[in-house]
Amino acid sequence: MDAAERKEILSRYVGHSRRFDAVAKRRNNGGGAEVIPFAGPLQELEQEPTAREIEVLQLISDGLVNREIGVRLFLSEETVKSHVRHLLAKLQARSRAHAVAVGFRRGLIA
């Protein structure tokens with residue numbers, strides 16, 4: 001990293017720091033700054049996961065991969081992949097980890 005890059009990074013940091021300090025000052029002076037909620041309300045599912053899909057989700061949360069889930073539930077690996085695909089769509093999840101988090105929040109798995 002050269003001096004110009006360091007200067008650019010430092011100037012961005014100083015700018016962010018000043019904005020943060022200004023907001024903190026307004027908040028402390030009763031400026032009534034609005035607090036943005038961390039997460040919005042959960043959306044209703046268009047379709048609820050089946051009992052088998054919930055079983056698969058529980059095993060995903062236990063750290064099993066598709067092959068291991070298939071062995072445990074006497075399913076082919078392709079069938080497990082299909083269940084996972086359906087789960088991701090139904091839970092509106094971006095990944096297996098996100099699906100587990102959504103499952104916990106919705107009380108689908110423990």
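**Exercise 1. Count the helices and strands, and give their order.**

The protein has five helices and zero strands. Here helices are DSSP runs of H or I with at least four residues, strands are runs of E with at least two, and numbering starts at the N terminus. Read from the N terminus, the order is α-α-α-α-α.

The model is predicted: local features need pLDDT of at least 70, side-chain atom pairs count only at pLDDT 80 or more, and totals for chains, interfaces and linings use all residues. Residues are numbered from 1 along each chain as its sequence is written, and side-chain values use heavy atoms, without hydrogens and water.

**Exercise 2. Describe how α2 and α5 pack.**

Step one: locate them. Helix α2 covers residues 51-61 and helix α5 covers residues 96-105.

Step two: take the geometry. Their axes lie 10 Å apart, at an angle of about 110 degrees. So α2 is roughly perpendicular to α5 (65 to 115 degrees). Axes are lines fitted to C-alpha atoms over the stretch in contact, and angles run from 0 to 180 degrees between N-to-C directions.

Step three: list the contacts (heavy atoms within 4.5 Å). From α2 come Leu 57, Ile 60 and Ser 61. They meet Arg 96, Ala 99, Val 100, Gly 103 and Phe 104 of α5.

Step four: sort these residues. Five are nonpolar, two polar and one charged. Gly counts as polar and Arg as charged.

**Exercise 3. Find the share of buried residues.**

Buried means under 20% relative accessible area, with a 1.4 Å probe and protein chains only. Of the 110 residues, 25% count as buried.

Key
Parallel < 35°, antiparallel > 145°, perpendicular 65-115°, else oblique. Buried < 20%, exposed > 50% of the residue type's maximum accessible area, 1.4 Å probe, protein only.
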